[in-house]
Amino acid sequence: MTSISTPPGLARFNALEEHAALTALHEACASTAWAKRLLAARPYATPEALYAASDAAMAELTAQDLAEAMAGHPPIGRPKPGDPTSAREQRGMAGASDALKAEMLELNLAYQEKFGHVFLICATGRTGEQMRDAVRERIGNTPEREREIVRTELGKINRIRLARLVEED
């Protein structure tokens, strides 16, 4: 019988003092409700258990919790200065033409005016054109439909960020 050992990064996260763990979770997602749910379920035996807990917590966020989570994300095309995470995630916009960047700025503003929050998409691995096409498509959604898409996109972002947190040695 073989026992599965907890990966070192996950073991380190499980062992963090509560405040340090909460800080690490807030770096992954700005929602306090989400972070507290994940914190309360520690320790996690596997990264998959952590991701499942993240998905479950994301599914239960209220509109206010989602707004708090979205507030932690800069607009596409304008990563937070000095923030390597947002720069890495938005790499697809780094080489975009000035025309595409200007169009994204206009689309971001129109989207924000309609929905009251930044356009949120899991930008990892997407080109600037793919992100532009997504905002063009999604700006026609109802606020209710868009809130559920945002919830899904946040869930994807959280999984990527949690993986970076627990897979680092």
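Reader: How many cavities of 30 Å³ or more does a search of the whole structure find?

Author: A cavity is a set of points on a 1 Å grid over the protein atoms alone where a 1.4 Å probe fits but cannot get out. Here the search finds 1 cavity of 30 Å³ or more, and the largest cavity has a volume of about 110 Å³, taken as the space filled by probe spheres set on the points. This is a predicted model, where local features need pLDDT of at least 70, side-chain atom pairs count only at pLDDT 80 or more, and totals for chains, interfaces and linings use all residues. Residues are numbered from 1 along each chain, and side-chain values use heavy atoms, without hydrogens and water.

Reader: Which residues lie nearest the centre of the largest cavity?

Author: They are His73, Ile76, Glu89, Gln90 and Ile121, out of 13 lining residues, each with an atom within 4 Å of a point. The lining divides into 8 nonpolar, 3 polar and 2 charged residues.

Reader: How is a pair of aromatic rings described?

Author: By the distance of the centres and the angle of the planes. Rings pair if their centres lie within 6.5 Å; planes under 30 degrees apart are stacked, over 60 edge-to-face and the rest tilted. The search finds 2 aromatic pairs. Tyr111 and Phe115 have ring centres 4.6 Å apart and planes at 45°, so this pair is tilted. Tyr111 and Phe119 form an edge-to-face pair, 5.2 Å centre to centre with 80° between the planes.

Technical notes. On a 1 Å grid over the protein atoms alone, a cavity is a set of points where a 1.4 Å probe fits but cannot get out, and a pocket is an open set with protein on both sides within 12 Å along at least five of seven lines; lining residues have an atom within 4 Å of a point. Ala, Val, Leu, Ile, Met, Phe, Trp, Tyr, Cys and Pro count as nonpolar, Asp, Glu, Lys and Arg as charged, and the others, Gly among them, as polar. Rings of Phe, Tyr and Trp (its six-membered ring) pair if their centres lie within 6.5 Å; planes under 30 degrees apart count as stacked, over 60 as edge-to-face and the rest as tilted.
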